[in-house]
Amino acid sequence: MDRSAPREQRRRSWRPRQLLITRSARDHAHGRAIAERAATLGISVTELPGNQLRLGLPDDERRAYAAAKSTLAVVNAPPSKLRLQPIAPSADWRVDLAEGCPAHCAYCYLAGSLKGPPITRVYANLDEITAALPLYLGQGRITSRSAARAHEGTTFEASCYTDPLALEPLTGSLAALIRFFGAWEADVQLRFTSKFADVSSLLDLPHGGRTRMRASINPPAYHRFEAGTDPVAARLRALRRMAEAGYKVGLTIAPIIAADGWRDAYAALIAAAAEQLRDVPNLDLTAELITHRFTPGSREVLTSWYPGSDLEMDPEQRAEKRTKFAGTKFVYPPELMKDLKAFFHEELAATLPQARILYWT
Ligand code: SF4
């Protein structure tokens, strides 16, 4: 728990009901440290005899979901994860510390990308993950090739398949990666985004100005779509603390949801961000704008996980687009997209002009 945060913003960090650790994950000091930390907190720790995760989930779909979501597995990142992939439009490369997330967002993009029960897996072989990164220095094909963003250096995104801050109190993986980038005397940037707020263990790290944290935010009225995450006011306060600690920071406004009253809701959100970041010395602030979308697959998974959600996911109200993998995704219709885009660009320019918009999608 972050005791230096205001009382109303404190919330106990996530505690899984059980932790499973595979045999090969126990070969790594980082994996053993995660298991020891969990045991100290009273979490049930099971040492698996091999490297297969045997979950023994109940047949009932709801109970299986709940059991998977409350399980943390410590495993080794497979060799395929050590060969990095580009991740447009965020960064040159994706670096994964974990896969899965303990929160329950009704729009979660992971629902369409990760297969199987939504168990959270954290990687024990952090030494192998960081050892792979220098191979990619100067090899970027996304931000490095953008005239507007090449100055960021080779960029590495750590939030593609997880929310790394949600897991940090148990894993310490993000802190280790920030230290790695802090000590890496090269033109590089680590990026992560989060819907969580406990940054206490990150503030004093030797980050070398090579990490950008973004707070992933939405209006408080949409918090009902983000069960298990920290309140948006706490996320913004965390971002301010990171900025005051010399980190580069940003806002990931995502997913932008065009529900009734969206203009007022997002205008108030941007005003709240401006107020929270007011007078931060040497503020280096960006904004990333991502509209809500879904695929047939993610819609099916999400409606089974969150049948009571009133989040609109109606293909009839959407425009259909092809994904880069030849699949289908549903986005807002072109006219609405135009309105949304114009609104966010104007509102940010008027209320938070320090924010450099990195992309709109
Ligand atoms: S915090 Fe992010 S990764 Fe976690 S459930 Fe919500 S959208 Fe998914």
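Predicted model: local features only at pLDDT ≥ 70, side-chain atom pairs only at ≥ 80, totals over all residues.
Two strands count as paired if DSSP finds at least two bridges between them, where strands (E, at least two residues) and helices (H or I, at least four) are DSSP runs numbered from the N terminus. Residues are numbered from 1 along each chain as its sequence is written, and side-chain values use heavy atoms, with hydrogens and water left out.

Back to the strands. β5 and β7 (residues 120-123) run antiparallel and are joined by 2 bridges. They belong to an open sheet of 5 strands with mixed pairing, in the order β2-β1-β3-β7-β5. Its edge strands, β2 (44-47) and β5 (98-99), each pair on one side only.

Now for the other open sheet, which has 7 strands in parallel pairing, ordered β4-β8-β9-β10-β12-β13-β16. At its edges stand β4 (93-94) and β16 (356-360), each with a single partner strand, so one side of each is left without a neighbour in the sheet. Further in, β10 (residues 211-217) pairs with β12 (residues 248-256) in the parallel sense over 6 bridges, and A215 sits opposite L251 in β12. Next along, 6 bridges join β12 to β13, again running parallel, with I253 opposite L289 in β13. Strand β13 (residues 285-291) is mostly covered: 6 of its 7 residues are buried, meaning under 20% relative accessible area with a 1.4 Å probe and protein chains only, while exposed is over 50% and partly exposed lies in between.

α6 (residues 173-183) touches β8 (154-157), β9 (188-194) and β10, and its direction makes about 155 degrees with that of β9; the axes are lines fitted to C-alpha atoms, for helices over the stretch in contact, and angles run from 0 to 180 degrees between N-to-C directions. Helix α8 (residues 262-276) lies across β10 and β12, at about 170 degrees to β12.

What about the core? A nonpolar core here is a set of buried Ala, Val, Leu, Ile, Met, Phe, Trp, Tyr and Cys residues joined through side-chain atoms within 4.5 Å. The largest one has 88 residues, of which F156, L202, I253, Y266 and F344 touch the most other members. Helix α7 (residues 232-244) gives the most to this core, with 7 residues. Leaving aside neighbours within four places in sequence, Y266 has contacts (heavy atoms within 4.5 Å) that include P219, Y222, I253 and F344. A second, separate core of 15 residues includes L19, L72, A98 and A124.

Around the ligand, the residues with a heavy atom within 4 Å are C101, A103, C105, Y107, C108, Y109, L110, D163 and K195. This shell divides into 7 nonpolar, no polar and 2 charged residues.

Strands β14 (residues 319-322) and β15 (residues 328-331) run antiparallel with 4 bridges, forming a hairpin with 5 residues between them, where A326 in the turn has a positive phi of about 65 degrees. Finally, Q354 lies in the loop between α10 (334-351) and β16 and is partly exposed, at 42% relative accessible area. Q354 and D284 are 70 residues apart in sequence, yet 7.8 Å apart in space, C-alpha to C-alpha.

Definitions and conventions: Nonpolar A, V, L, I, M, F, W, Y, C, P; charged D, E, K, R; others polar.
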